[in-house]
Amino acid sequence: MSETSTESPAEPAEPSGEQKPETGSEPTAEQRLTALEAERDKWQGLSRKNEERAKTNADKAKRFDELEAASKSDLEKANERATAAEGRVSALTQRAVRAEVKALAAAKFADPSDAAAFLNLGEYVDDEGDIDTKGIEKALADLIKAKPHLARQEAAPSFDGGARKTAGKPSSMNDLIRQAAAGS
């Protein structure tokens, strides 16, 4: 474990393309700078080529998408529109159910959005898209029984902590002196 190595530490890697002087000494700063600039120019050229390829590919992809859209039949286009419309209808139905749940929960819940979070909203819509209000009311009542901490508080708590007396007429200094004299 305590072996010592007689090898010299590895020298730092030199940039590719760097020419060592023929004398065997270290390259000068100008030589290193020239080599680094050449390396930089090489990579910039490659980068420009890749950018041009990417632009060409993007243009070709755009033209392909346009041709694909133009070649679709009327039936395919109608199917896509119908699918998009069904998605919008589903989203709007969910919003309507959520609004109904919040409206019905407003009277009994401290935060009506809690009721919407705890219920599966999809259960309260039938095949025609009608909302089952009676089912929502029953589910809200069951939820209040299961989680009473969600219910609205009956009376607002009082934080004054003292007796509820009305303030009397402020006393003058003369009144205070008379009271003190009468009490002694």
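A residue is taken as partly exposed when its relative accessible area lies between the limits for buried, under 20%, and exposed, over 50%; at 37%, Asp142 is therefore partly exposed in this predicted model. The side chain of Asp142 meets that of Lys138 in a salt bridge, with an N to O distance of 3.3 Å. Both residues belong to helix H4, where a spacing of four residues puts about one helical turn between them. Lys138, with a relative accessible area of 55%, passes the limit of 50% and so counts as exposed.

The protein chain as a whole contains five helices and zero strands, which gives the pattern α-α-α-α-α when read along the sequence. Of its 184 residues, 11% count as buried. The largest nonpolar core comprises 16 residues, and those with the most contacts inside it are Val101, Phe109, Ala115, Leu119, Tyr124 and Leu140. Two or more residues of this core are supplied by each of helix H2 (74-105), H3 and H4, and the greatest contribution, five residues, comes from H4. In soluble globular proteins, nonpolar side chains tend to be buried together.

Four salt bridges are counted in the model. Glu39 is buried, because its relative accessible area of 19% falls under the 20% limit, whereas Lys42 is partly exposed at 42%. A further salt bridge joins the side chains of Arg40 and Asp41, at 3.2 Å from N to O; here Asp41 is partly exposed with a relative accessible area of 43%, and Arg40 likewise counts as partly exposed, at 45%.

Two surface patches were also identified. Asp126, Asp127, Glu128, Asp130 and Asp132 form a negative patch. Asp126 is placed in the loop between helix H3 (112-118) and helix H4 (133-146), and its relative accessibility of 35% makes it partly exposed. The other patch is nonpolar, has an area of about 320 Å², and is made by Met173, Leu176 and Ile177. Met173 is located in helix H5 (residues 173-183) and, with a relative accessible area of 58%, is exposed.

Conventions:
Residues are numbered from 1 along each chain as its sequence is written. This is a predicted model: local features need pLDDT of at least 70, side-chain atom pairs count only at pLDDT 80 or more; totals for chains, interfaces and linings use all residues. Side-chain values use heavy atoms; hydrogens and water are left out. Patches are made of residues with over 30% relative accessible area and no salt bridge: like charges are joined within 9 Å, nonpolar side chains (Val, Leu, Ile, Met, Phe, Trp, Tyr) within 5 Å. Accessible areas come from the Shrake-Rupley method with a 1.4 Å probe; for residues, only the protein chains shown count as cover. Lys and Arg count as positive and Asp and Glu as negative; His and the chain ends are not counted. The place of a charge is taken as NZ of Lys, CZ of Arg, CG of Asp or CD of Glu. Buried means under 20% relative accessible area, exposed over 50%, partly exposed in between (1.4 Å probe, protein chains only). A nonpolar core is a set of buried Ala, Val, Leu, Ile, Met, Phe, Trp, Tyr and Cys residues joined through side-chain atoms within 4.5 Å.
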